[in-house]
Amino acid sequence: MKQLQRKIVPLVMGASTTILTIAGTYVSVLTLQKPAQAASRCECVQYVRNRFGLPSPSGNANQWNDGYLQRNRFRQVGPTRGSIVVFEKTFPGADSRNGHVAVLEDFDPKTGKITVRGANQGGNSIENNCSNVNSIRFGTSINGRSDVSFWQR
């Protein structure tokens, strides 16, 4: 009896590896999924960096408009949905030592109040590899304030 020669061919593509075993006219296929990376608790800067693909290190939130965003081709704009919001440490509701960054979801021009999406603001949704994400509405109007800014590419 003639022995069939077997050939094993691994194919790696993205999140899975497929192994083909070829023996004569018989082909077996086994696909192995790589385990998903577990989301972790994030600081606000990690969430925004992940969402926009920004490099590390980025410093504290209140340092983002001191050159970090400009070096990454962002420009300051008015309150625009989807823009990065930088809260200085003096903005009511932001961390009094580091400030806060998030993404603008909604702006009411009549009241000046905004809703932002981000991490480290009391949430538990998983998004952009962060497990503590949610949307919050700030009760303080942004109208006439210089301690909040908005950034887009």
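The side chains of R117 and S135 are joined by a polar contact of 3.0 Å (N or O atoms within 3.5 Å; within protein, one able to donate a hydrogen and the other to accept it, with residues adjacent in sequence counting only if both atoms are side-chain atoms). This is a predicted model, where local features need pLDDT of at least 70, side-chain atom pairs count only at pLDDT 80 or more, and totals for chains, interfaces and linings use all residues. Residues are numbered from 1 along each chain as its sequence is written, and side-chain values use heavy atoms, without hydrogens and water.

R117 sits in strand 7, residues 113-119 (strands are DSSP E runs of at least two residues, helices H or I runs of at least four, numbered from the N terminus). R117 counts as buried because its relative accessibility is 16% (buried is under 20%, exposed over 50%, partly exposed in between; 1.4 Å probe, protein chains only). Beyond four places in sequence, R117 touches residues including Y47, R51, E105 and E127 (heavy atoms within 4.5 Å).

The largest nonpolar core has 19 residues (buried Ala, Val, Leu, Ile, Met, Phe, Trp, Tyr and Cys joined through side-chain atoms within 4.5 Å). Helix 1 (44-52) and strand 6 (100-108) are among the elements giving it two or more residues. Helix 1 supplies the largest share, 4 residues. W64, L69, I84 and V101 have the most contacts inside this core. Another core, of 13 residues, lies apart from it and includes F87 and I114.

Y68 lies in helix 2. Y68 counts as buried, at 4% relative accessibility. Its side chain reaches the backbone oxygen of P55 at 2.6 Å.
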